Amino acid sequence: MSFDRQKKQDALQDLAIIMDCADRVGIRKHVYVGFGLLLGIVRDRDFIGHDDDVDMCVQADKITAAQELRYFKELASEGMFFARRKFSTRRSGDGWGGDIVSLVRAYNRAKGQDHEFDEGEEGAAKKRFTWFSLRRRSDHNKFCHWFMIPWNGYYWHTKSGKWVTHRKFDPSMIAYDQYHDDAIMKGVPQEYVEELIEIDFRGVKLNIPKNYGHCLDFWYPGWLIPMKGGSSAKTVLCRVPTWEDETKWKVRDGR
Amino acid sequence: MNRIDTAKRVVSIVSSTMDMLSAPDGSRLKWFYTFGTMLEYVADKAFGLNFDIDIGVFADSVGWQQLESAWRDNGCKPKRTIVDDRNDVPLNLHLEPNNHNIKDFPTIDIFSFVKRKGEYLYTYDINREGKQKPSRYVFKTVPSWMLAPGPEVIAKIRGRSHPEASRLLDENGIWHYDIFEDNGPFKVQIPFAYGSLCDTWYPGWRFRKYYSGQSVSESMVEVKSCKELSK
């Protein structure tokens, strides 16, 4: 569903709510707009008409697990519910992950949307989000949240295992065995998204990377000319056989 | 003639003048709009409203005598030049209209971008000596990937599924876009990483106003002679 006038109005309202939630838990300065909406803001000062979601990014290293949980609670209290979510054990923490899982499950049960998680609850106890998608019951906008993880000079984002299949990647970029279920992360140079600035987008205060031109060149080469479809460029990739063992992570920088 | 009509005439003259030139090896001249002219287009899809016309050329692709002569034929004469003291080739050519039949024809600055170790150097009259061969050369620098990425990067983008990609991006990493109307006769060409270049030269460029002469560059090289660049 693309952004018509009503959908844009709803999305602006939702963006303001999301940023207020981030504000209330002290992480506002670490939540920013990335990918497609960043492109829309910089190029058109508007949503991209044919886009169907909004991408928010969180500097995962700069917030605590407790803030992550409180952020979720605040979002839930505003009528936002989790459409989908993924965890990783990359950032094993202080046990809040288990609470998030329980909370999500309880919340979804209450809404009659109970379904199995990707991992068992016991295993999830150590986990933190890598990605989740939010919706509000009153409208149909989808807000992806990418928890950006810094490592080895890049900020990485992923939906963990089963995010993408080998068919989506150029085999020369990254070897991908169809029988494996390794997670793939996409990277962006750390200096592009380390520093954020606040801007006013149609009356809503949002953060964007200070180097937004770098980001757009990197994610969408030739971004001035609208081209329908396609995700951000898969220029820097990392294959993650196990989250716990960073020595096994394999980076391919296609620049 | 209103400003848009003037801008259309200027775009046409720049395109025809630059495109008729060839490099010493016979290949097509590699040129692009840069600095304020690039910024105007990227930020506002505008041309020549707030800035004089800035053109960049890759140093190895220029036949300078041809270039100067072509611009003389199109009503512009060199006002100031800085030349490379190794070979007398201009590093910067500042052209002014000379009895031009277009009112308000802008001045034109042509910058030579000289490749050196992962970066490009460029200069203009920043030493304020007003000499063709100053007693010191001050160059500013820009990472080479922003102007000219590797051939694999270009090939990958040109080869992607979108049918427009190979038309818009040429083999030298220069983007060719329409201005004033889609699929019309008016074209601009801008360097590969134009967003990164705007960040570098005009921080916050999309959300504030810049004026002529306000480009920023903290990275500089200073030499007494261009011979030092070859070392």
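In which kind of crossing, left-handed or right-handed, does helix 1 of chain A pass helix 3 of chain A? Keep that in mind while you load this predicted model, where local features need pLDDT of at least 70, side-chain atom pairs count only at pLDDT 80 or more, and totals for chains, interfaces and linings use all residues. Residues are numbered from 1 along each chain as its sequence is written, with chains lettered from A and ligands numbered from 1 in the order in which they are written.

**Stop one: two helices.** Select residues 5-24 and 65-77 of chain A, which are helix 1 and helix 3 (helices are DSSP runs of H or I with at least four residues, strands are E runs of at least two, numbered from the N terminus). Their axes lie 9 Å apart, at an angle of about 140° (axes are lines fitted to C-alpha atoms over the stretch in contact, and angles run from 0 to 180 degrees between N-to-C directions). The crossing of helix 1 of chain A with helix 3 of chain A is right-handed (the near helix is turned clockwise from the far one by less than a right angle). Now show A:Ile18, A:Cys21, A:Ala22 and A:Arg24, which meet A:Tyr71, A:Glu74 and A:Leu75 (contact puts C-beta atoms, placed from the backbone, within 7 Å).

**Stop two: the chain boundary.** Here 14 residues of chain A touch 16 of chain B. For the largest share of chain A's side, 4 residues, select helix 7 (residues 212-219) of chain A.

**Stop three: strands in chain B.** Strand 7 (residues 137-143) of chain B runs antiparallel to strand 6 (residues 119-122) of chain B, joined by 4 bridges (pairing takes at least two DSSP bridges). Pick B:Tyr120 to find its bridge partner, B:Val142. Strand 10 (residues 220-223) of chain B also has 4 bridges to strand 7 of chain B, again antiparallel, and there B:Tyr137 partners B:Val223.

Note on methods. Contact = placed C-beta atoms within 7 Å.
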